[in-house]
Amino acid sequence: MLTYIGRRCLYMVPTLFAISVVAFAIIQLPPGDFLTSWVTRMESEGEKVDPAMLEGLRERYALGDPFYVQYGKWISGILFHGDFGESFEFGRSVTSLVLDRLPWSIGLTVFALIFTWVVAFPIGLYSAVRQYSIGDYLATTIGFLGLAIPNFMLALAMMYIAYRVFGLSTSGISPLTIGIAIVVLGTAGTAGTIRILRANLLDELKKPYVVAARARGVSERALVVKYPVRMALNPFVSTIGWVLPGLVGGEVIVAQVLNLPTTGPLLFSALRTQDMYLAGSIILIISVLTVIGTLLSDILLAWLDPRVRLGYR
Amino acid sequence: MPREDPLLEISDLRTHFFTREGTVRAVDGVSLTVPRGKTVCVVGESGCGKSVTARSVLGLVDEPGRIVSGEIWWRRRGQEPVNLAQLGPRSEEMRRVRGGEISMVFQEPMASLSPMYTIGDQLVEAIRMHLPLTQEQARERATDLLRRAGIPRAEERLDAYSFQLSGGMCQRVMIAIALAADPALLIADEPTTALDVTTQARIIDLLRDLQAETGMSVLFITHDLGVVAEIADEVVVMYLGTVVERGGVDEIFHDPKHPYTNALLGSIPRMGAGAGRRLATIRGNVPHPSDRPAGCPFHPRCDAAIGGVCDVSDPPHIVFGEARSVRCVLHDDVHRSSAAEVRA
């Protein structure tokens, strides 16, 4: 088990490296460098820029040097000092800006994921065990609706209902807003997860080991829970891998609509104002978190499934 | 001396599958008996309904299949006989029978064990399901069962997973699970089909030894006549969901009555049968059970078929003795004479 975890952690290194290169490339994408655009903006607003300070900044970000030197400087700053650079827009360090908002993002994502599981699991289980029953059709229909309705649409609708029917305001941090955000984010993944669980369970329910367990007298209820559900949990756990990026992406829009202080809107505004250190850093952090989430799901999988743990297949 | 009531008596069992394309009559009027302490082999080609017959006994027929009619009498010593066909597949009583009184061993040993749990977990589950033992006692019994099933280092193997064992070992584990509660009948549904030949022989030997040791009855489903010759006391030959012939193993091999049995025996390759001779085959294919030929189901492939008789009317069921019968017009005196008239 430990070797497995160790190996998985080792595999993460190249992935993380690739992500950081891409994030840095994004920072470098706009024509010119940030200092020139910053200086232009400052000057257009009639402010004088101190050439010494400019030189200092240029030195700090190694702007005259080739790409890899700049990258080296940037990444070592992050790795060794936790220094992500400066946000030009906010005039604050990226680290402090992100730290303000990241806990909200992580919390929202984790709860949305939990919501997805809590809703999808019983429904998926029911749809599979009672295949082609009315309940199954109902769950499938609702699942497809959940899949088809865009996040922001659902968020707007829920805000409207909360406001018109219950007279509640839904903006900024309040339990209601956060609840809406979790539900909206959660439902997007729920439909897919229900389909996956249902399909897997239907597969597993026909496997010989289920018949064999039935033939030795295990009751139907105990049987389903003990054998096929256990097997169907595997792909369920690996959903973390693909639900996470979706949640992060969805969060940008939902948090924008609901005016929540997560990293999503921050990233959005950073991209709009070409605040590239901020944007690149957020992309980097979120990607790294997603990779870590995937790692956690892999470890969970190994813990659940002896075949993964014992290195079979 | 009258024979003792058989342990298991299936009479006129019909198990049909109601699919969208129509009804598939997988088992269509099967009657057979399993006497106490004997091994009965059910032989037939793929799709002849032998597995479905076996599964019907334990109510394990998958949707959309259903036992439509017929009786499956289960006679435990000293207890009232039970008609298993009448028990609900999910009923408490059926669950007690499954694994407790009748056990089943399947075709794919690897797939029949869940890879998520150890061998020991699944074995102990089966033991504690039917016997009032504590976890430790059950584990002890499990070790003992594995040892009896011929698994070396049984104690360690309890903690192994199915994917760490070979197919033959898995089948031994399945047999150990089947013996968990000392069943009176073991149904073996092609238990050696997925194994290689040397392993097959060992598993067959094991089953024979265990039967001699425990005195249980065995209902052995196979398409391999070599296996039949080795372990059967009685043989039931099936074709397209019906029993075409029944008899003792010697009677079937040395005095086959039904043209199908004859053809099956003829299609076994023999050593020294003459090099370069073509192996006899049964012409044509088994028709799909959903478009069963009228009359005798075998007539389109039968060399002895009589036009106007075999393709028109159901073959008569001719009984020669307690466990010897055939469904073929060729052995019916009345029909034979009328058939002669048709020919003349």
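UniProt positions are given here in the numbering of this structure, feature names are shortened, and annotations may be inferred rather than shown by experiment. With that in mind, the unreviewed UniProt entry places the feature "domain: ABC transporter" at residues 8–265 of chain B. The model is a predicted one, in which local features need pLDDT of at least 70 and side-chain atom pairs count only at pLDDT 80 or more, while totals for chains, interfaces and linings use all residues. Residues are numbered from 1 along each chain as its sequence is written, and chains are lettered from A and ligands numbered from 1 in the order in which they are written.

## Chain B as a whole

Helices (H or I, at least four residues) and strands (E, at least two) are DSSP runs, numbered from the N terminus. Chain B contains 11 helices and 12 strands. Its radius of gyration, taken over C-alpha atoms, is 21 Å, close to the 20 Å that the globule rule gives for 344 residues, so chain B is as compact as a globular protein of that length. The globule rule is 2.2 Å times the number of residues to the power 0.38. The C-alpha trace of chain B spans about 75 × 50 × 50 Å along its principal axes.

A residue is buried if 20 or more other C-beta atoms lie within 10 Å of its own, exposed if 12 or fewer, and partly exposed in between, with C-beta atoms placed from the backbone. By this criterion, 46% of the 344 residues of chain B count as buried. Two residues are in contact if their C-beta atoms, placed from the backbone, lie within 7 Å. Among contacts in chain B between residues at least 6 apart in sequence, 63% join residues at least 24 apart.

Domain bounds come from an automatic or database domain assignment. For chain B this assignment gives domain 1 (8–240) and domain 2 (248–270 + 281–286 + 294–343). The centres of domain 1 and domain 2 of chain B, taken over C-alpha atoms, are separated by 30 Å. In the contact between them, 14 residues of domain 1 of chain B meet 14 residues of domain 2 of chain B. On the side of domain 1 that touches domain 2, helix H8 (225–231) and strand E9 (234–239) of chain B each supply at least two residues. The largest share of that side, four residues, comes from E9(B).

## Contact between the chains

The contact between chains A and B takes 20 residues from chain A and 24 residues from chain B. Helix H9 (208–215), H11 and helix H14 (306–309) of chain A give two or more residues to the side of chain A that touches chain B. H9(A) provides the largest share of this side, six residues. Seven of the eight residues of H9(A) are buried, so this helix is largely enclosed by the rest of the structure. Among the buried residues of H9(A) are Tyr209(A) and Arg214(A). Gly217(A), with a positive phi near 95°, follows H9(A).

## The nonpolar core

A nonpolar core is a set of buried Ala, Val, Leu, Ile, Met, Phe, Trp, Tyr and Cys residues joined through C-beta atoms within 7 Å. In the largest such core, of 167 residues, the members that touch the most others are Ala181(A), Ile282(A), Leu123(B), Val173(B) and Leu185(B). Helix H11 (residues 228–258) of chain A gives the largest share, 14 residues. Domain 1 and domain 2 of chain B both give residues to this core, so it lies between them.

Leaving aside neighbours within four places in sequence, Ile282(A) is in contact with Val98(A), Thr263(A), Leu266(A), Leu267(A) and Ala270(A). Ile286(A) lies in helix H13 (residues 276–304) of chain A and counts as buried, with 26 C-beta neighbours inside 10 Å. Not counting residues up to four places away in sequence, Ile286(A) touches Val248(A) and Thr263(A).

## Backbone details

| Residue | Phi | C-beta neighbours inside 10 Å |
|---|---|---|
| Tyr132(A) | near 65° | 10, exposed |
| Asp12(B) | about 50° | 11, exposed |

Tyr132(A) lies in the loop between helix H5 (94–129) and helix H6 (134–148) of chain A, whereas Asp12(B) is found in strand E1 (residues 8–19) of chain B. The peptide bond from Glu63(B) to Pro64(B) is cis, with omega near 0°. Pro64(B) lies in the loop between helix H1 (50–57) and strand E4 (65–74) of chain B.
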